[in-house]
Each structure stands twice: as structure tokens, then as C-alpha cells.
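I opened my notebook to look around a new structure. Here is what I looked up, step by step.

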Amino acid sequence: GGCPLFTPKIQTSQTDMLIRAIVALKEPEDAYRFLEDVCTIQELKSIAQRLHVACLLRERVTYQEIARRTGASTATISRVNRALTSGAGGYQKVLDALSKNGAIPPGDKD
């Protein structure tokens with residue numbers, strides 16, 4: 001498992017409430033409803049695009065092919081790659097969970 005001493009850089013009482021709200025949602029439809037209310041369409045598309053980029057990076061797809069498939073800029077792909085390799089481990093947790101429940105293919109294990 002992860003380090004139990006992880007302290008989020010962005011933790012405040014407001015971000016704490018947001019995280020608790022997300023974790024409280026069990027149904028995809030409820031998550032859609034919440035995110036549609038709380039995010040702009042562009043914010044939602046950007047977050048979804050970053051997750052798709054992370055998924056493809058984990059599958060060792062090239063930057064050029066990721067840009068073609070997702071529409072992300074190489075700067076975005078770079079930023080996601082940096083978060084994937086040396087970030088808080090959030091992408092890995094989510095991708096592992098999605099892979100475990102069959103939503104995405106398993107990533108390469110080094």
C-alpha cells in the first residue's frame with residue numbers, strides 16, 4: 001500500500017469537503033450529476049483527457065500517438081507523465097482500480 005503519512009499539498013477544509021463528497025458518491029450517474037454541476041464542461045473535458053493520457057502513457061503509447069488519440073498537447077502529456085512518474089501516486093491508484101475492475105487494460109509492470 002501507499003505511505004500512511006501522505007499529506008496532500010492542497011488540503012484545506014474546502015478541499016477536504018470536496019474529497020469527502022466524491023468518495024460519498026457510489027453511482028456513476030450521481031458522479032455525472034455532481035461533476036456537471038460543479039465543473040465547467042471544459043474543466044470536465046480537461047480532467048477526463050488527462051486521465052485518458054495517463055492510461056495511454058501507462059500502456060507505453062508514444063506521445064505522438066497519445067496526442068493523435070486524445071487531442072492533448074505534448075505539454076499536457078508531459079505534465080501528466082511527470083505526475084504519473086513522480087507525483088502523489090493518485091493516477092496509479094485510479095488506474096490500478098480501473099484495471100482491477102476491468103474498465104481498462106492492466107498497465108505494464110516494471
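**Entry 1: the whole chain**

I noted that this is a predicted model. I looked up the secondary structure and found 6 helices and 0 strands. Reading along the sequence, I wrote the pattern down as α-α-α-α-α-α. I then checked the box that the C-alpha atoms fill, which is roughly 40 × 35 × 30 Å along the principal axes. Of the 110 residues in the chain, 18% are buried. I also looked at contacts with a separation of 6 or more, and 46% of them join residues 24 or more positions apart.

**Entry 2: how α3 meets α5**

I reminded myself that two packed helices are described by the angle between their axes and the distance between the axes. At what angle do α3 and α5 pack? I found about 65 degrees between helix α3 (residues 41-58) and helix α5 (residues 74-86), with the axes 9 Å apart. That angle makes α3 roughly perpendicular to α5. The crossing of α3 past α5 is right-handed.

Next I listed who makes the contact. From α3 I wrote down Gln49, Arg50, Val53, Ala54, Leu57 and Arg58, and from α5 Thr76, Ile77, Val80, Asn81 and Leu84. Sorted by type, the residues of this contact are 6 nonpolar, 3 polar and 2 charged.

Side chains of opposite charge can pair when their charged atoms come close. I looked up the count of salt bridges and got 5.

I started in helix α1 (residues 13-24), where aspartate 16 and arginine 20 sit 4 residues apart, about one turn of the helix. Their side chains meet in a salt bridge of 3.3 Å, N to O. Aspartate 16 is partly exposed at 25% relative accessible area, and arginine 20 is exposed at 60%.

Helix α2 (residues 28-38) holds another pair, glutamate 29 and arginine 33, 4 residues apart and about one turn of the helix. I read 2.6 Å, N to O, for their salt bridge. Glutamate 29 is partly exposed at 48%, while arginine 33 is exposed at 52%.

**Entry 3: a salt bridge between two helices**

Which residue does arginine 58 meet in a salt bridge? I found aspartate 96, at 2.6 Å, N to O. Arginine 58 lies in helix α3 and aspartate 96 in helix α6 (residues 90-100), so this pair ties together parts 38 residues apart in sequence. Is arginine 58 buried or exposed? Its relative accessible area is 8%, so I marked arginine 58 as buried. Aspartate 96, at 35%, counts as partly exposed.

**Entry 4: leucine 95**

I stayed in helix α6 and picked leucine 95. Its relative accessibility is 1%, so leucine 95 counts as buried. What does leucine 95 touch, leaving aside its neighbours within four places in sequence? I listed Leu51, Ala54, Cys55, Arg58, Leu84 and Ile104 as its contacts.

Last, I checked leucine 95 against proline 106, 11 residues apart along the chain. Their C-alpha atoms are separated by 8.3 Å.

Methods
Residues are numbered from 1 along each chain as its sequence is written. This is a predicted model: local features need pLDDT of at least 70, side-chain atom pairs count only at pLDDT 80 or more; totals for chains, interfaces and linings use all residues. Side-chain values use heavy atoms; hydrogens and water are left out. Axes are lines fitted to C-alpha atoms, for helices over the stretch in contact, and angles run from 0 to 180 degrees between N-to-C directions. Angles under 35 degrees count as roughly parallel, over 145 as roughly antiparallel, 65 to 115 as roughly perpendicular and the rest as oblique. A crossing is left-handed if the near helix is turned anticlockwise from the far one by less than a right angle, and right-handed if clockwise. Contact means heavy atoms within 4.5 Å. Ala, Val, Leu, Ile, Met, Phe, Trp, Tyr, Cys and Pro count as nonpolar, Asp, Glu, Lys and Arg as charged, and the others, Gly among them, as polar. A salt bridge is a side-chain nitrogen of Lys or Arg within 4 Å of a carboxyl oxygen of Asp or Glu. Buried means under 20% relative accessible area, exposed over 50%, partly exposed in between (1.4 Å probe, protein chains only).
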